[in-house]
Amino acid sequence: MDSLRPLLVAVMQGLSEKVGSYEVKFPRVILAHVAMESPVDGDFDVKRAKDEMKARLVAYRDRDALIGLVGNLVQTVAPPLGDALVDGVVQRIVDRLRRASRLARFSWDDALPWFRHQDNGYDFDEFTALVRLSKQAAKNTSDVRADVDDLLMGAMLADLRESLDRVANRPWNAVVLLDEGDTAAARSFVTALVDRRRRRDVRAPRLPPDPLVLVTTSAGALSQDLPDVDAGHPWLREVLGDLAEADVHDLARARLWPPDLGTRRVADVTYRLTSGHAEATIAVLNALEDDPTLIARVDEVFDRPVTSSRQPLGAHLLDKVATGLGPGDHVADTLATLSAARNRGEATRLAKLLRLDPTLELMTSPSLWPDQALPRFVRYLGLRRLAARTEGHRWTDVFTALRDEAVRRGDVVGGLHHRLALGETAAVAAELAGLLPELGDTEWLHLLDSITATPALARPLGTSKVDDPVHRLLVTGHALADPRLSDRAGLRNRYVIAGNDLRSLAGSSEAFVLRAQHYHKLAGRLD
């Protein structure tokens, strides 16, 4: 994993903002970076190395020298801020450290003793510890990087504890909000924090807990790095699902829509497309607010570029899903190929058939495969990319491989599903009609739902201009399962057709009648 150092500097920068009586300074962290500026000489002369470190500390008592050091650190993690704003941040950090902007007799005497014990009960020579740190910082092996990260984390927590202990009747701890916790740097930061706390409990149980609350997000990779939750290692995992349909309606109601566009219509179309995916939901609502005419072709939102990444929104969202699921730029493309599979087992077989090499994280992430299948919206994003391919593993290649494997395995449902995705609609309808008298009503409807679950994104939306009711129901049901369908008239007509065909096929079937009533109710919402 990557070092936590850039992320730690960003946290230091954020926590340096003065809020009320909270005024945090970071003498130990900055002293550690003074030592890390470059390796000291004297590999075979300990005294010479320590003397060089002492001289360096004296040199960095100078305000301008400190501003230069801290400025370089902040600039590496916050280039978009602009020079003027960076200069202000740096001067605030340095001047707070020196207790006054022009105090000439500043020294490192308060911070230096920490490097002797490091809150772990050690008894090092503090200058020897700094010399070792200066040399380790230049190494790039994972074990040495972990040593440096551990010391920096300890220094930051000690600085934070000391600063906040000075706030009388302090009602709050410091809070750090860290997005995309599955990235390498974030995982290093969080695991270093948890390891530090665990070691403190063992080696310095009388030391007060550090006053830091960290909130981060993970698709599963980070949580696999952490120890099990217990009383000695307090951390809380909260599983966050997508927005509920009612949540999307509430978000839509918080906006003013044109008089001829009802809030329910906006919310229904948005939820139908995004399945409650939070970022996509906000993006769709924003796009509809800017251009309400998109309501009839809302899928076009995903082809519009995102300002931050200059990618189309759909590609941007799929790449974000793939973040933390393995190294390299190919993870999202592999995910797009595997999105043709109905579940993780089928995805594993598909990877072997196409000689893919998916990462372990991609195939085992618990949030990517809840209930052993991709979330509906994530699968839709992947299928969009798959349908757009003109080379490599294209839509026809992938679904042909899946169809042939399903036939080989004797998987009737899988075979029908993949044949429908390939456009073999008439043949699938004929087989489906043949199964109608053999299967129970509920079982047949479940089969219909299963084989129409994958939208035919490689083709335009299907029309129902056929006479056979089973064939027409198959085409109509397939279109109704397609998130692209947002045209009011198109949706309403298909609900009516599907409901009528179900009634004509129902006979004495209660299941068919109930499904028909449901479709007619949905059509009524679109009157």
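Colleague: Among contacts in the protein between residues at least 6 apart in sequence, what share joins residues at least 24 apart?

Modeller: The share is 68%. Keep in mind that this is a predicted model.

Colleague: How many helices and strands does the protein have?

Modeller: There are 25 helices and two strands. The radius of gyration is 30 Å, well over the 24 Å from the globule rule for 527 residues, so the protein is more spread out than a compact globule. The C-alpha atoms fill a box of roughly 95 × 55 × 45 Å along the principal axes.

Colleague: What are the mean pLDDT and the share of residues that reach 70 or more?

Modeller: Start with the general idea. Where pLDDT is low, the predicted coordinates should not be read in detail. Now the case here. The mean pLDDT is 88, and 93% of the residues reach 70 or more.

Colleague: Where is confidence lowest, and where is it highest?

Modeller: Helix α5, residues 83-97, is lowest, with a mean of 69. Helix α19, residues 395-409, is highest, at 97.

Colleague: What percentage of the residues is buried?

Modeller: Buried means under 20% relative accessible area. Of the 527 residues, 48% are buried.

Colleague: Is helix α2 mostly covered or mostly uncovered?

Modeller: Helix α2, residues 27-36, is mostly covered. Ten of its ten residues are buried. Among them are P27, R28, H33 and M36.

Colleague: How should I picture the side chains along a helix?

Modeller: An α-helix has 3.6 residues a turn, so residues three or four places apart point the same way. In this structure, take α12, residues 263-274, which holds Y271.

Colleague: Is Y271 buried, partly exposed or exposed?

Modeller: Y271 counts as partly exposed, because its relative accessibility is 25%.

Colleague: Which residues does Y271 touch, beyond those up to four places away in sequence?

Modeller: Y271 touches L243, A244, E245, V248 and G276.

Colleague: Where is G276, and is G276 buried or exposed?

Modeller: G276 sits in the loop between α12 and α13, the latter being residues 278-290. G276 is buried, with a relative accessible area of 0%. Beyond four places in sequence, G276 touches D242, L243, V248, Y271 and T281. G276 and V29 are 247 residues apart in sequence, with 42 Å from C-alpha to C-alpha.

Colleague: What about charged residues in helices? Where is E405?

Modeller: E405 is in helix α19. E405 is buried, at a relative accessible area of 12%. Leaving aside neighbours within four places in sequence, E405 contacts R349 and L353.

Colleague: Where is R379, and is R379 buried or exposed?

Modeller: R379 is in helix α18. At 10% relative accessibility, R379 counts as buried. Beyond four places in sequence, R379 touches S339, A340, A341, R342, L374, H417, A453 and T454. R379 and P259 are 120 residues apart in sequence and 35 Å apart in space, C-alpha to C-alpha.

Colleague: Now for backbone angles. What is phi of E180?

Modeller: Phi of E180 is near 55°, a positive value in a residue other than glycine. E180 lies in the loop between β1, residues 174-178, and α9, residues 184-203. E180 is partly exposed, at 33% relative accessible area.

Colleague: What is phi of D371, and where is D371 placed?

Modeller: D371 has a positive phi of about 55°, although D371 is not a glycine. D371 sits in the loop between α17, residues 360-364, and α18, residues 376-388.

Colleague: Is D371 buried or exposed?

Modeller: D371 is exposed, because its relative accessible area is 77%.

Note on methods
Residues are numbered from 1 along each chain as its sequence is written. This is a predicted model: local features need pLDDT of at least 70, side-chain atom pairs count only at pLDDT 80 or more; totals for chains, interfaces and linings use all residues. Side-chain values use heavy atoms; hydrogens and water are left out. Helices (H or I, at least four residues) and strands (E, at least two) are DSSP runs, numbered from the N terminus. The radius of gyration is taken over C-alpha atoms; the globule rule is 2.2 Å times the number of residues to the power 0.38. Buried means under 20% relative accessible area, exposed over 50%, partly exposed in between (1.4 Å probe, protein chains only). Contact means heavy atoms within 4.5 Å. pLDDT is the predictor's confidence in each residue, from 0 to 100.
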